[in-house]
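Here is a friendly briefing to read next to the model.

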Amino acid sequence: MEMDILWKVKLSNSDIVQLHLARDLILERMTDPPTLIELSRMVGLNDHKLKHGFKAVYGMTVFGYLREKRMEKALQLLQQGLMNVSETSLAVGYSNPSYFAEMFRHRFGVNPSDIHRQGHT
């Protein structure tokens, strides 16, 4: 059913530009992202077109994309070894370091503290 909906989303060139803008905005505001309604207003798309168009263009939901980019940034920061796990958690938008660590383990299969330690060696 979900795929049927995606194929029915009609995206103009302008819509695609607006979806790229939406992506840029959530990446710029990674630590404090707008809600879907706020984001849809910021880029000039209704929330339905934003949600379904984003998934059609990027292959995942808006917040799935944000979560993935947060994890990629966290991995990079931890590998650099300049921030500890709590600092990294806050830097990518997670106020709860325990939840961040759980999400990180789920995504990469390793504790963020293990990556941090490797960054110091």
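H2 passes H3 in a right-handed crossing; a crossing is right-handed if the near helix is turned clockwise from the far one by less than a right angle, and left-handed if anticlockwise. The contact joins Gln18, Leu21, Ala22, Leu25 and Ile26 of H2 to Leu39, Met42 and Val43 of H3, where contact means heavy atoms within 4.5 Å. Please keep in mind that this is a predicted model, in which local features need pLDDT of at least 70 and side-chain atom pairs count only at pLDDT 80 or more, while totals for chains, interfaces and linings use all residues. Residues are numbered from 1 along each chain as its sequence is written, and side-chain values use heavy atoms, with hydrogens and water left out.

**Overall layout**

- The chain has eight helices and zero strands, both taken as DSSP runs (helices are H or I with at least four residues, strands are E with at least two) and numbered from the N terminus.
- Read along the sequence, the pattern is α-α-α-α-α-α-α-α.
- The C-alpha trace spans about 50 × 30 × 20 Å along its principal axes.
- Of the 121 residues in the chain, 34% are buried; here buried means under 20% relative accessible area, exposed means over 50%, and partly exposed lies in between, with a 1.4 Å probe and protein chains only.
- Among contacts with a separation of 6 or more, 60% come from residues 24 or more positions apart.

**Confidence**

- The average pLDDT of the chain is 91, and 91% of the residues score at least 70; pLDDT is the predictor's confidence in each residue, from 0 to 100.
- Confidence is lowest in helix H1 (residues 2-8), with a mean of 48, and highest in H3, with 97.
- Residues 1-6 have a pLDDT below 50, and beyond near neighbours in sequence this stretch has six contacts in the model.

**H2 with H3**

- Helix H2 (residues 13-28) and helix H3 (residues 36-43) pack at an angle of about 130°, with axes 9 Å apart; axes are lines fitted to C-alpha atoms, for helices over the stretch in contact, and angles run from 0 to 180 degrees between N-to-C directions.
- That angle makes H2 oblique to H3, on a scale where angles under 35 degrees count as roughly parallel, over 145 as roughly antiparallel, 65 to 115 as roughly perpendicular and the rest as oblique.
- The residues of the contact of H2 with H3 divide into seven nonpolar, one polar and no charged; Ala, Val, Leu, Ile, Met, Phe, Trp, Tyr, Cys and Pro count as nonpolar, Asp, Glu, Lys and Arg as charged, and the others, Gly among them, as polar.

**H3 with H4**

- H3 and helix H4 (residues 47-58) pack at about 95°, and their axes are 9 Å apart.
- H3 is thus roughly perpendicular to H4.
- Leu36, Ile37, Leu39 and Ser40 of H3 make the contact with Asp47, Leu50 and Lys51 of H4.
- By class, the contact of H3 with H4 has four nonpolar, one polar and two charged residues.

**H5 with H7**

- Helix H5 (residues 62-80) and helix H7 (residues 97-108) pack at about 95°, with their axes 11 Å apart.
- H5 and H7 are therefore roughly perpendicular to each other.
- On the H5 side, Arg67, Glu68, Met71, Glu72, Ala74, Leu75 and Leu78 meet Phe100, Met103, Phe104, Arg107 and Phe108 in H7.
- The residues of the contact of H5 with H7 divide into eight nonpolar, no polar and four charged.

- Leu66 sits in helix H5 and counts as buried at 1% relative accessibility.
- Leu66 touches Ile26, Met30 and Pro33, not counting residues up to four places away in sequence; the C-alpha atoms of Leu66 and Met30 are 7.1 Å apart, although 36 residues separate them along the chain.
- Leu27 belongs to helix H2 and is partly exposed, with a relative accessible area of 30%.
- Not counting residues up to four places away in sequence, Leu27 touches Tyr65 and Lys69.
- Val85 lies in helix H6 (residues 85-91) and counts as buried at 19% relative accessibility.
- Leaving out residues up to four places away in sequence, Val85 touches Leu78, Phe100, Pro112 and Ser113.
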